[in-house]
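Please keep the sequence and the structure in view while reading.

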Amino acid sequence: MKRDRLVRDSKEFAFTKLLTCGICGSGITADEKYKKLKNGNTASYIYYGCTRSRDLSCKLGYIREEELIKQMLRIVDKIDINEIGLKKQFEEEVMRYNRFQISVLEMNGKEKKIDKKKEFDIKAYAKYILAEGKINEKRELLASLKSRLVLGKDKKLTLKKDETAIGL
Ligand SMILES: [Zn+2]
């Protein structure tokens, strides 16, 4: 078996520097791995892992970008929308749409419903960016989170509000 070729720092990745290792507190870095397929094509996979800047023997291991995104989508489903400090521009878009709905559908006294709608739209937008956005859009979204994303034991991604909770 030929060894897979590792390409380091030659490419921009969506989630580097935005995640922290939950085991040792180092940053998270990425590698793109190319694999020759039997049909002659080359497939590429992005893996994220601990930079080990704080602990050279950190046992975090590696996680595929697809799996990381899957976990992020689940987090977006669960979090309070106030945790997503999204662009003002988008918030304004949602509000404009809501005002339109009120005037057209005369939804007076149904503000609760409107809030739900706003929450849905912001989450849907965040998920859309995670799944389909460009690298810079994904980075912007993650950077807008008010808590820190921590990749911990068993490669489980969590949001940590309290920074001191990270085991240093
Ligand atoms: Zn680590």
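An open sheet of 3 strands, with mixed pairing, is arranged in the order β2-β6-β7. The terms used here are defined as follows: strands (E, at least two residues) and helices (H or I, at least four) are DSSP runs numbered from the N terminus, and two strands pair if DSSP finds at least two bridges between them.

The model is a predicted one: local features need pLDDT of at least 70, side-chain atom pairs count only at pLDDT 80 or more, and totals for chains, interfaces and linings use all residues. Residues are numbered from 1 along each chain as its sequence is written.

Within this sheet, β6 (residues 148-151) and β7 (residues 157-160) pair in the antiparallel sense over 4 bridges. Val150 stands opposite Thr158, and Leu151 stands opposite Leu157. The two strands form a hairpin with 5 residues between them, and Asp154 in the turn has a positive phi of about 60°.

A second hairpin is formed by β3 and β4, with 5 residues between them; here Gly40 in the turn has a positive phi of about 95°. These two strands pair in the antiparallel sense over 9 bridges. β4 also pairs with β5 (residues 62-64), in the antiparallel sense over 3 bridges. Tyr48 of β4 stands opposite Ala30 and also opposite Ile63 in β5.

What lies in the interior? In soluble globular proteins, nonpolar side chains tend to be buried together. A residue counts as buried if 20 or more other C-beta atoms, placed from the backbone, lie within 10 Å of its own; it is exposed if 12 or fewer do, and partly exposed in between. By this criterion, 15% of the 168 residues of the protein chain are buried. A nonpolar core is a set of buried Ala, Val, Leu, Ile, Met, Phe, Trp, Tyr and Cys residues joined through C-beta atoms within 7 Å. The largest such core has 22 residues, and those with the most contacts inside it are Phe15, Cys21, Ile28, Tyr48, Leu68 and Leu151. The elements that supply two or more residues to this core are β2 (19-21), β3 (28-36), β4 (42-50), α1 (65-78), α3 (111-132) and β6.

Phe15 is located in the loop between β1 (5-8) and β2, and it is buried because 23 other C-beta atoms lie within 10 Å. Two residues are in contact if their C-beta atoms, placed from the backbone, lie within 7 Å. Leaving out residues up to four places away in sequence, Phe15 touches Ile28, Tyr48, Leu68 and Leu142. With neighbours within four places likewise set aside, Cys21 is in contact with Ser26, Ile28, Cys50, Cys58, Leu60 and Leu151.
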